[in-house]
Amino acid sequence: MSEAIFLPFDCESGGIGDEISLLSAHFAACDEDWNVVDELELLVKPNDGIYKVTAEAMSINKIDLIKHEAMAMPYSQAGQLLRDFLVRNSQNGKIKLQPMGKNIGGDVGWVTQHLLGKKTFNQYVSYRCYDITGIITYLKRTGRLDRFAPESLEGLAKYFGFEADWHTARGDNYAGIKVMRKLEEL
């Protein structure tokens, strides 16, 4: 089994803002060639069972809150599963996994606010992130990517010739991994 060094992940929430509920997250442990060696998908709900969502976000994410409630686990339970996943894939913190994603800083915020505290998260995960947005900016500036290339994840996927299951944590995460492979080729 290859050693994990990257931690691509994506979160889906009930909207934008600090008080909004996290609803799902997908984590992939990847080797240096972006091959997935382990993954964790979480459907989550607030520990108190009180959701804070917007209708617009629920429409975009295509989440039926009644069905979601039946399948989701409380944040505290999901946090323990995530911790176990990170321990396993970081060799108990010996290797700091590097987060990767589109605007990954926001997803780190969701995870550390709702599932694992920053202190616990940082035991296994590096603060150095591979952010697709920054990489796109650099590649455009250096002429390695067409300056008119799209910047959204969906736009980049189409630009590189593939589709995904958009606005799901798993679909967006796998699309991010494919986009990262393409960007590294440039």
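**Figure 1. Ser126 is a buried residue, with a relative accessible area of 11%, and it is shown here in a predicted model.** Ser126 belongs to the loop that connects helix H5 (118–124) with S6. A polar atom of the Ser126 side chain lies 2.9 Å from the backbone nitrogen of Arg128. When neighbours within four places in sequence are left aside, the residues in contact with Ser126 are Lys96, Leu97, Gln98 and Pro99.

**Figure 2. Ser21 in the loop between S1 and S2.** Is Ser21 buried or exposed? With a relative accessibility of 3%, Ser21 counts as buried, because the cut-off for a buried residue is under 20%. The side chain of Ser21 reaches the backbone nitrogen of Lys52, and the distance is 2.8 Å. Apart from neighbours within four places in sequence, Ser21 has contacts that include Ser13 and Gly14, Pro46, the run of Ile50, Tyr51, Lys52 and Val53, and also Tyr75 and Trp110.

**Figure 3. The open sheet, in which 6 strands follow the order S4-S3-S2-S1-S5-S6 with mixed pairing.** Strand S4 (73–74) and strand S6 (130–131) are the edge strands, each of which pairs on one side only. Strands of a sheet are held in pairs by backbone hydrogen bonds, and the pairing may be parallel or antiparallel. S3 and S4 run parallel and are joined by 2 bridges, and Val44 has Met73 of S4 as its bridge partner. S1 and S2, by contrast, run antiparallel and are joined by 6 bridges, with Phe27 in S2 as the bridge partner of Phe9.

**Figure 4. Strand S2 and its hairpin with S3.** Why is S2 described as largely enclosed by the rest of the structure? The description applies because 9 of the 9 residues of S2 are buried. S2 and S3 run antiparallel, joined by 7 bridges, and His26 stands opposite Glu41 in S3. In the hairpin that these two strands form, 5 residues lie between them, and Trp34 in the turn has a positive phi of about 65°.

**Figure 5. Glu184 of helix H8 and its polar contact with Trp34.** Glu184 is partly exposed, with a relative accessible area of 44%. The side chains of Glu184 and Trp34 are joined by a polar contact of 3.1 Å; Trp34 is the residue of positive phi in the turn between S2 and S3. Beyond the neighbours within four places in sequence, Glu184 is in contact with Trp34 and Tyr130. Thr142 lies 42 residues from Glu184 along the chain, and the C-alpha atoms of these two residues are separated by 14 Å.

**Figure 6. Helix H4 and the elements that its buried residues pack against.** The buried residues of H4 are Ile104, Asp107, Val108, Trp110, Val111, Thr112 and His114. Which elements do the buried residues of H4 pack against? They pack against the strands S1, S2, S5 and S6, and against helix H3 (75–89) and H5. Trp110, one of the buried residues of H4, is also among the contacts of Ser21.

**Figure 7. The largest pocket, which holds about 770 Å³ of space.** The lining consists of 27 residues, and those nearest the centre of the pocket are Asp10, Cys11, Glu12, His167 and Asp172. Two or more lining residues come from each of strand S1 (6–13), helix H1 (55–61), strand S5 (98–101), helix H4 (104–114), helix H7 (153–159) and helix H8 (169–185). The element that gives the most to this lining is S1, with 5 residues. By class, the lining residues of the largest pocket are 9 nonpolar, 11 polar and 7 charged.

**Figure 8. The second largest pocket, which holds about 320 Å³ of space.** This pocket is lined by 19 residues, of which Ser24, Glu41, Leu43, Ile63 and Thr168 are the closest to its centre. At least two lining residues are supplied by each of strand S2 (22–30), strand S3 (36–45), helix H2 (65–71) and H8. The lining of the second largest pocket divides into 6 nonpolar, 6 polar and 7 charged residues. Glu41, one of the residues closest to the centre of this pocket, is the residue of S3 that His26 stands opposite.

Technical notes
Residues are numbered from 1 along each chain as its sequence is written. This is a predicted model: local features need pLDDT of at least 70, side-chain atom pairs count only at pLDDT 80 or more; totals for chains, interfaces and linings use all residues. Side-chain values use heavy atoms; hydrogens and water are left out. On a 1 Å grid over the protein atoms alone, a cavity is a set of points where a 1.4 Å probe fits but cannot get out, and a pocket is an open set with protein on both sides within 12 Å along at least five of seven lines; lining residues have an atom within 4 Å of a point. Grid points are joined across faces, edges and corners, and a volume is the space filled by probe spheres set on the points. Helices (H or I, at least four residues) and strands (E, at least two) are DSSP runs, numbered from the N terminus. Ala, Val, Leu, Ile, Met, Phe, Trp, Tyr, Cys and Pro count as nonpolar, Asp, Glu, Lys and Arg as charged, and the others, Gly among them, as polar. Buried means under 20% relative accessible area, exposed over 50%, partly exposed in between (1.4 Å probe, protein chains only). A polar contact is a pair of N or O atoms within 3.5 Å; within protein, one must be able to donate a hydrogen and the other to accept it, and residues adjacent in sequence count only if both atoms are side-chain atoms. Contact means heavy atoms within 4.5 Å. Two strands pair if DSSP finds at least two bridges between them.
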